[in-house]
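Dear colleague,

Please find below the structure that I am handing over to you. My notes on it follow directly after.

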Amino acid sequence: APAPPGRSLVTPPQACSLTFDDKGLVTKYTIGVVMDRQVGNTGGLGGLYGILYAIGRPLPFPEAQPWQMSKRYRLFQGVGSLVGALAGRK
């Protein structure tokens, strides 16, 4: 058997949800929704994606990588901060 890598897994808090139909039966079960991306060592990822990231074996597509703010969103946030600062000066 391979030797254990000596890594630990610390997951962020995650939520799950259930969706019910009119008869009260579950039609959808959602798991791994991260509530605080800054907690743990999974890069802010939940479920299997977070586990694989934490052990150094992330999957090779963007959804399985830690979240990064896009340039457009960063600009949007900056404009919002600027407008808020200017409005606060009045």
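Which residue in S2 is the bridge partner of Leu18? The bridge partner is Tyr29.

Please note that this is a predicted model, in which local features need pLDDT of at least 70 and side-chain atom pairs count only at pLDDT 80 or more, while totals for chains, interfaces and linings use all residues. Residues are numbered from 1 along each chain as its sequence is written, and side-chain values use heavy atoms, with hydrogens and water left out.

Strands S1 (residues 14–20) and S2 (residues 26–34) run antiparallel and are joined by six bridges; strands are DSSP runs of E with at least two residues, helices runs of H or I with at least four, both numbered from the N terminus, and two strands pair if DSSP finds at least two bridges between them. The two strands form a hairpin with five residues between them, and Gly24 in the turn has a positive phi of about 85°.

Thr42 lies in the loop between S2 and H1. Thr42 is buried, because its relative accessible area is 1% (buried means under 20%, exposed over 50%, partly exposed in between, with a 1.4 Å probe and protein chains only). Its side chain reaches the backbone oxygen of Leu45 at 2.8 Å. Beyond neighbours within four places in sequence, Thr42 is in contact (heavy atoms within 4.5 Å) with residues including Val10, Pro12, Gly50 and Ala54.

In helix H1 (residues 47–54), the buried residues are Gly50, Leu52 and Ala54. Ile51, also placed in H1, counts as partly exposed because its relative accessibility is 35%. Just after H1, Gly56 takes a positive phi of about 85°.

Yours sincerely

Technical notes:
Polar contact = N/O pair within 3.5 Å; in protein donor to acceptor, adjacent residues only side chain to side chain.
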